Amino acid sequence: MSPDSPLNMVTIRTLAHDRLREALARDPVRRFGRITRSNGEVLHASGIRAPIGSRCLIAAEGGAGFLSAEVVGFEQGALLVMPEQGTRGVTRGARVHVESRAPAPLMGSALLGRIIDARGQPLDGQPPPDVTQPWPLLGVPLNPMARTRISQVFDVGVGAINALATMGRGMRIGLFAGSGVGKTTLLGMMARHARADVVVVGMIGERGREIREFIEDHLGSARPRSVVVASPADDTALGRLHGAYRAAAIAEYFRGQGKHVLLVVDSLTRLAMALREIGLAAGEPPATKGYPPSVFGALAAYVERAGNGTSAQGSITAIYTVLVEGDDHVGDPVADTARSVLDGHIVLSRALAEAAMYPPIDISASLSRPMPSLVTPAHQKLAARFRALWARRAEKQDIIDLGVYAAGRDPLLDEALRRAPAMENVLRQDMHEGITLAASLAALHAALAEPQP
């Protein structure tokens, strides 16, 4: 067919019109506004329009570059913008313009083995990673009916979890504990020993000292296949939020490449605190314990980004730590919300930690919802028997310590006391040791298969 044929000319004109519409949609004219006033960490910008979530640049004082900010709301004709690195250096009347309507950080395999901050800048003293593929910071929604089901066991290398709260590939689970009980050490164990192609660690709101210690002491052999996104406690609320979103976006990118990813976020509670700061600064009314209602919806949406992809993609198995205040696992609103949106929870006990039981997993309070569909009926029956014996012993521990219990009164308790040493062996594990799923199941069999006297 000749290039000058009528059909080809129509095609060319159609393509030209499409390109013109795309160019007009991009709005090549850069519009500038002005900062009119500030309210804490929120700035009011007039003279420009942009949807919530857009990225803006604010001219710093004295021509010292630009400050990146995000539109978090609007009020009486002005945009409410929050700078990622704080408001220091911003003057009244500073120029501001919209840079992008949907932030999309760059991704690539060069991220593996690297440590970056919430803005993608390297923290490990190396040059910026050579990445070229954009991925939306807020992720790409998946049709829930297109996701594959959780059908394969995910071996985390921790005997108590493998045997009694078996995780599935693509599962989202919470690690609940108070401060100083051993969450970070257990996370490091799972990051090192889990059967995952890529490990993405989001350290959100943690102490700066703990970030380096986790990478050097706990991540260990998993570091070459890991990406660490660190947003320490002295970062802004928006920085901590973006750190958590960037970690999820990196995990989504590798899932899209067909990889099986372990996403570790420490902690979901500090992400909720960052959302609370932003919500209150934007004028939302406080609700439960000062958290605006939008926080709980944002947490649910964040958790939903993990999980299995389509049949052509990989998976994201996610572990979120939840810091419960004063070891209150019931009254904390973030913990309560997390339980309702996650696929299971691992509870760490301060009493077990003080008794030198490591990892201090309260197996009676821990749960994996997909476990019945992942393990054999024999495995499920053994795990249920273990839980019953362990719970009965914990329930009667006070009268045992007082020495007032007489053997023979409670057959279940008598069996629990006889099997106690073997059962503790199922739960105890050295922090540098990895226990496979097969070894975990063998220990469970051994603990409950001792001959009766």
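**Entry 1**

I began with Lys 289, which at 48% relative accessibility counts as partly exposed (between the limits for buried, under 20% relative accessible area, and exposed, over 50%, with a 1.4 Å probe and protein chains only). I note that this is a predicted model, where local features need pLDDT of at least 70, side-chain atom pairs count only at pLDDT 80 or more, and totals for chains, interfaces and linings use all residues. Residues are numbered from 1 along each chain as its sequence is written, and side-chain values use heavy atoms, with hydrogens and water left out.

I read a positive phi of about 50 degrees at Lys 289, although this residue is not a glycine. I placed Lys 289 in the loop between H6 and helix H7 (293-304); helices (H or I, at least four residues) and strands (E, at least two) are DSSP runs, numbered from the N terminus.

I found a positive phi of about 50 degrees at Gln 76 too, again not a glycine. Gln 76 sits in the loop between strand S4 (66-75) and strand S5 (78-83), and is exposed at a relative accessible area of 82%.

**Entry 2: cis peptide bonds**

I looked up the bond joining Asp 266 and Ser 267 and found it cis, with omega about 10 degrees. Ser 267 lies in the loop between strand S15 (260-266) and helix H6 (268-281).

I also found a cis bond from Tyr 358 to Pro 359, with omega near -10 degrees. Pro 359 belongs to the loop between helix H9 (350-354) and strand S19 (367-368).

**Entry 3: nonpolar cores**

Which residues have the most contacts inside the largest nonpolar core? I noted Leu 164 and Phe 386, in a core of 57 residues. Such a core is a set of buried Ala, Val, Leu, Ile, Met, Phe, Trp, Tyr and Cys residues joined through side-chain atoms within 4.5 Å.

Not counting residues up to four places away in sequence, I listed partners that Leu 164 touches, among them Ile 363, Met 371, Phe 386 and Arg 387; contact means heavy atoms within 4.5 Å. Apart from this core lies another, of 55 residues, including Trp 135 and Tyr 253.

**Entry 4: H3 against H4**

I checked helix H3 (residues 183-193) and helix H4 (residues 208-219): their axes come within 9 Å and cross at roughly 50 degrees. The axes are lines fitted to C-alpha atoms, for helices over the stretch in contact, with angles from 0 to 180 degrees between N-to-C directions.
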